[in-house]
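Hi,

Here is the structure I promised to pass on to you. Have a look at it first, and then read my notes below.

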Amino acid sequence: MTEKIFTIGDKEWVLVDRDVAPHFVDLLTEVRQIDGLVYLTFAATTVDGQNTGEVQVAARLRMSLRTAQFLRNMLAETIEGIVAQEEAEATTRSIQ
């Protein structure tokens, strides 16, 4: 495994990836703050035929306000890029 090194401030950090499985999530079941920490719980929903739907917790995250703000900014940039690309593609299709 190749190590990835991050520099934060004047210190180097090694990324340790223990092959955590990715999860598709489509629901937030918890969003709150306690003592300056932001709590987020993500879940995935499934429905099998006529059976009762299930909500399965996929990840419980706890982070500082600073990390939450960074996450918000990164999500905003990513979403804006996706929307701009989709709008450009829609414009191209309507011109053709």
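Let's start with Thr41: not counting residues up to four places away in sequence, Thr41 touches Leu27, Leu28, Thr29, Glu30, Val57, Ala59, Arg60 and Arg62, where contact means heavy atoms within 4.5 Å. This is a predicted model, in which local features need pLDDT of at least 70, side-chain atom pairs count only at pLDDT 80 or more, and totals for chains, interfaces and linings use all residues. Residues are numbered from 1 along each chain as its sequence is written, and side-chain values use heavy atoms, with hydrogens and water left out.

Thr41 sits in strand β4; strands here are DSSP runs of E with at least two residues, and helices are runs of H or I with at least four, numbered from the N terminus. Thr41 counts as buried because its relative accessibility is 1%, and buried means under 20% relative accessible area (1.4 Å probe, protein chains only). The side chain of Thr41 also makes a polar contact with that of Glu30, at 2.5 Å; such a contact is a pair of N or O atoms within 3.5 Å, and within protein one must be able to donate a hydrogen and the other to accept it, while residues adjacent in sequence count only if both atoms are side-chain atoms.

Now for the surroundings. Strand β3 (residues 27-34) runs antiparallel to β4 (residues 37-46), and seven bridges join them; two strands pair if DSSP finds at least two bridges between them. Across this pairing, Leu28 stands opposite Phe42, and Arg32 faces Tyr39.

Enjoy exploring!

Technical notes. Buried means under 20% relative accessible area, exposed over 50%, partly exposed in between (1.4 Å probe, protein chains only).
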